[in-house]
Amino acid sequence: MTRYIIRRLAQVVPLMIFISMLLFAIANLVPGSPVRNLIAQLGSHIRLTDADIARIESYFGLDQPLYLRYFTWMGHVLQGDLGISMITHQPVNELILGRLPNTLLLTGTAFVLALLFAVPVGVYGAVRRNTWFDHMSTAGAVSGYSIPSFWLALMLLLLFAIKFEAWGLPSLPAGGAYDLRGGGGFWDRAQHLILPAFSLAFVQTALWTRYIRSQMLEVLSQDFIRTARAKGVRERIVVFRHGLRNAVLPLITLMGLAIPELFGGALIIEQIYNYPGMGQLTFNAAMQHDYPLIMGTLLFVAFLVIMGNLIADVAYAIADPRVRY
Amino acid sequence: MSRAEAVHVDTTSDDVPALERQRPTRTYLGMAWRSFRANPTAMAGLVVLVVMVALALGAGVLSEYVTGHTTYDQDLSASFKAIGEDGYLLGSDAYGRDVATRLLYGARVSLGVAGLSIIGAMAIGVSWGVAAGYFGGWIDNALMRVVDVLLAIPTLFMLLLIASMWTMGPVALGFIIASLGWQTVSRLVRGEVLSLRERDFIEAARLIGASDRRIMFRYILPNVAPTVIVWAGLTVPALILWEASLSYLGLGIQQPTPSWGNMLSDAQLVWSYSATLVFLPGLAIFVTVFAINLVGNGLRDALDPRLSE
């Protein structure tokens, strides 16, 4: 098992190298000189002669060929230095680490919410096939993953935060991670987390419910389940210990694949709810063409995704004793 | 819905000669279509989808004769009209533009981009997967490694990066989305090809001297088609949602060209004036995606031979 983990960890390294090359290439495909673009962005009050621009470019090493720039950048990255943000002049590390806990909290809560809802509903739908509950939950699940998450988030925000307050009902806060006027306690954070986490979890819940249901159906029709029932095992044990245990194995892989989805979804959700997380950071960086920050956050998110997949693979290897490693 | 229905004699058509009536279709496609037709939700989805496509294609005609407005004409004195007020079928937005017409043209953009993307993703993904599965060895390894690398970066982040650097029209956007959505189908196709490769009929084809190219096009491709079609039916909704998300974030389709996504972000700015403005474009996206999901599920139930309820 340890050898398997080490082998998987070793695969991460070339993967990260390729990703870094890809990201670097894309970020540097922008036409025109970065300095000129930045000047155009910052305003016409900046007057620099061509000689000045050339000097700045050579100072930052921008006149060097692409591969040399890549190695310089990678050298810094491997030492833990992701550069300085072009707009805020803060180290990218600080910016990312400051936002990371918020996003992890958001995606983690969404993940747990999705799981808590999908498993019971999916299992019950499979066990009680073609009942009213099953049809309702299937229809609900399909419409669930058809809803655009940003629309759902907007509607929820309008309803629970804004309309409720207008109608005098107890309302949820309209944005942010915690109350800026002296909040930060558990309940405060939890309140601010409800709407974003729910919006984020909604689509994944729908997908997982469908998946669990179909997996359970497949497992429950197998012969060993028949044997268990024939032996007189209680139905609950048949369903959960024998059925569900086998059905969740592919679910672990699905959940591993859902991690990039959750991060991507968090990008939009954080924008709508003004939630200070990595998604909002990346979005603002992209809008402002803040290249060090863009590359830093993308590299970091890719790393988190790879780590998530690794954990999913290891969890699968632990859960399924048939896996050869 | 069971397999028995697939060979049920169809007696509902009057103008079919008596002999035909006793001979139900036994072709794979025929049986698949029969199963699909027997699936009520799938057919409902198909109807809605056809209506949507018809509306999108007929946007020009409809805007001339039905709604009476164009997409871009602003009339600031007529802003925020309610539904049905003053000849505005679904109301008007902040600039007085007719929402119904913009939804129709937005349908063109959203469906068009999605259609282009799925074709592009299919083209890239299928050829990639067939090449990897058929040739095997180091080619397979290399090709699949590239797929792994591309899959590690969350798609929306990549889209954000690319779209923030270049402003692009619908066609370019379609290609970009295609370039981020082909990896799954390439994996699926590769798996199929790996198992197909060992089948006897492929060996027979090789024995009679068929070239690699002929084998791939004539024998392998038609056999991976059902998997690809099922994948397409389940992926188009995701592509529509990606385009809508990008346009919503302000990156994809730019104003004044209407896309359901950017209509939503516009409406968000003025939500206090009109909540229906926020509701309608999202509803359009939802209905379309829902219909396509139903069709996709129906396709999977009809085409996937491994499925047996």
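Along its sequence, chain B follows the pattern α-α-α-α-α-α-α-α-α-α-α-α-α-α. The model is predicted: local features require pLDDT of at least 70, side-chain atom pairs count only at pLDDT 80 or more, and totals for chains, interfaces and linings use all residues. Residues are numbered from 1 along each chain as its sequence is written, while chains are lettered from A and ligands numbered from 1 in the order in which they are written.

Chain B contains 14 helices and zero strands. Helices (H or I, at least four residues) and strands (E, at least two) are DSSP runs, numbered from the N terminus. Taken along the principal axes, the C-alpha atoms of chain B fill a box of roughly 75 × 55 × 30 Å. Of its 309 residues, 42% count as buried. A residue is buried if 20 or more other C-beta atoms lie within 10 Å of its own, exposed if 12 or fewer, and partly exposed in between, with C-beta atoms placed from the backbone. Contacts require such C-beta atoms, placed from the backbone, to lie within 7 Å. Among contacts in chain B between residues at least 6 apart in sequence, 69% join residues at least 24 apart.

The contact between the chains takes 31 residues from chain A and 31 residues from chain B. On the chain A side, helices H1 (2–27), H6 (132–144), H7 (149–166), H10 (235–273), H11 (278–287) and H12 (291–319) each supply at least two residues. By class, this side of chain A has 26 nonpolar, five polar and no charged residues. Ala, Val, Leu, Ile, Met, Phe, Trp, Tyr, Cys and Pro count as nonpolar, Asp, Glu, Lys and Arg as charged, and the others, Gly among them, as polar.

Helix H8 (residues 155–165) of chain B is mostly covered, with ten of its eleven residues buried. Among them are B:Phe157, B:Met158 and B:Ile162. The buried residues of H8(B) pack against H1, H10, H11 and H12 of chain A, together with helix H9 (170–181) and H12 of chain B. Helix H9 of chain B holds B:Ser179. B:Ser179 is partly exposed, because 17 other C-beta atoms lie within 10 Å. The C-alpha atoms of B:Ser179 and B:Gly125 are separated by 9.1 Å, although the two are 54 residues apart along the chain.

Helix H12 (residues 212–248) of chain B spans only 46 Å between its end C-alpha atoms, whereas a straight helix of 37 residues would span 54 Å at 1.5 Å a residue. The expected span is 1.5 Å times one less than the number of residues. A kink of about 45 degrees lies at B:Leu221, shortly before the proline B:Pro222. This bend is the angle between axes fitted to the seven residues ending there and the seven starting there. H12(B) is followed by B:Gly250, whose phi is positive, near 95 degrees.

In chain A, helix H5 (residues 92–127) packs with H10(A) at an angle of about 145 degrees, their axes 10 Å apart. Axes are lines fitted to C-alpha atoms, for helices over the stretch in contact, and angles run from 0 to 180 degrees between N-to-C directions. The residues of this contact divide into ten nonpolar, two polar and no charged. They include A:Leu106 and A:Phe111 in H5(A), and A:Leu262 and A:Phe263 in H10(A). The axes of H5(A) and helix H8 (residues 186–220) of chain A come within 6 Å and cross at roughly 35 degrees. The contact of H5(A) with H8(A) has 22 nonpolar, six polar and one charged residues.

Note on methods:
Contact = placed C-beta atoms within 7 Å.
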